[in-house]
Structures are given as structure tokens and as C-alpha cells.
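Study the structure before reading each worked solution.

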Amino acid sequence: MNKLSLVRSELILGGQRSGKSRRAERLAQAWLAQSPAHRAVLIATGQPWDDEMRQRIARHQQDRAERVPGMTTVEEPLQLAQAITAHGNAQTLVVVDCLTLWLTNWLMPVEALEENKAADQYPQAPAAMLLEAIETCPGPLVLVGNEIGLGVIPLGREVRAFVDALGRLNQEVAQACERVTLMAAGLPLTLKGSP
């Protein structure tokens, strides 16, 4: 494993299966190896909407427990800023996986989709609270999110609004973080800060 350097805050972006979560896990492993006093907490934002998602979450939990046995998991689909504040301290690395699902939970809640009323308003107050939590987190913070703006422009209004909102969130979080890493094919490309 390459020697990984930790910074106060890092945003890891990439497409599906690009290696985003793996990089976050490797950073957590490096943090835990530095000191027996160190802890690592993963804040999971995904929700088990259907059977496939329940199976996916269970698989991720099992894989993560094998790869990073010292990391605990907290599930928080909406109140992300509060969860970062509650779990962040100088001895704890906090990993958020992922910002994309967190935004989905705000913009496209299952109840709204079932009523065919997808929201397309950017959640300004929760996003502002998240940015404040990033700035004030006393320990290292790693945030994982998808970069979905590189593909075909979607046809539906709601999906276009979501792509726009995620692009805005990614830009705001990138500004707040010390380092930004883009993952592609399991390889990191540092966009901001030192590798």
C-alpha cells in the first residue's frame, strides 16, 4: 500500500466503482495505525429503499468490517452536519460516505417520488451547516461523493436539477476542504492540495 498522507479535510470524488470508498478506507487504516488512541467513524448516508439497496448496504458493511475492523459506522441520512459535529474530535477521523446519497435524501425523498413530486430545490440550510461542520471539525475529515457531471445530459427535469445541485454541492465542499482528490480506475489525481 502506498504511503498515504492525511490532511485536515479531504473530498474524494469519482464515478461509480472508481475507488473513492477504498481510498477513504485506506486513509482510515493509516490514521488508526498511527496511534492506539486514534478512532475512525464512518457516517453512512445511504438508506435501504429496496431489496437491492438493503443487500448492497449489507455487503458494504461486511466488506468494510473486514478491511477496516477498527472503524465504527453511524447511519445518518439527513442530519450530516450534526453527525460530523457529534463524532468529530482530535483523536477521531470521520469518513462521510457519501455526499451524493445525502443530497438524494434531501432532494428526492422516497415519499416525494412515490407521489411523483421530486423536489428540485437546493437544500441551502443543510448545505451551509455541512460547510460549517467541515470548517470546524477538530479532527481529520474525509468526504466521499460522486462526480456525475461528465456524462450525457439527462432528459428529465428532475434529474437535470439533481446533477446541477450535486455540481454545486461538490464545488462548495471542494472550496471548504484542504485537499480534493479525483479517483479514476482506482488511481488518485490530486485536484487541490498536496497528494
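**Exercise 1. State what covers the buried residues of helix H3, and identify the buried and exposed residues of H3.**

Step 1. The cover of the buried residues of H3 includes S2, S4, H4, helix H6 (124–136) and S5; contact means heavy atoms within 4.5 Å. Helices (H or I, at least four residues) and strands (E, at least two) are DSSP runs, numbered from the N terminus.

Step 2. The model is predicted: local features need pLDDT of at least 70, side-chain atom pairs count only at pLDDT 80 or more, and totals for chains, interfaces and linings use all residues. Residues are numbered from 1 along each chain as its sequence is written, and side-chain values use heavy atoms, with hydrogens and water left out.

Step 3. In H3 (residues 80–87), Leu80, Ala81, Ala83 and Ile84 are buried. Buried means under 20% relative accessible area, exposed over 50%, and partly exposed in between (1.4 Å probe, protein chains only).

Step 4. Viewed down the axis of H3, the buried residues fall within an arc of 165°, so they line one face of the helix; the arc is that of the directions from the helix axis to the C-beta atoms. Thr85 and Ala86 are exposed on the face turned away from the buried side of H3.

**Exercise 2. Describe the two sides of helix H2.**

Step 1. Met53, Ile57 and Arg64 are buried in H2. They cover an arc of only 40° around the axis, which puts them on the same side of H2.

Step 2. The face of H2 turned away from that side carries the exposed residues Asp51, Gln55, Gln62 and Glu66.

Step 3. H1, S2, S3 and H4 are among what covers the buried residues of H2.

**Exercise 3. Which residues outside its sequence neighbourhood does alanine 44 contact?**

Step 1. Alanine 44 belongs to strand S2 and is buried, with a relative accessible area of 14%.

Step 2. Leaving aside neighbours within four places in sequence, alanine 44 is in contact with Thr73, Val74, Glu75, Glu76, Pro77 and Asp97.

Step 3. By contrast, consider leucine 155: alanine 44 and leucine 155 are 111 residues apart in sequence and 30 Å apart in space, C-alpha to C-alpha.
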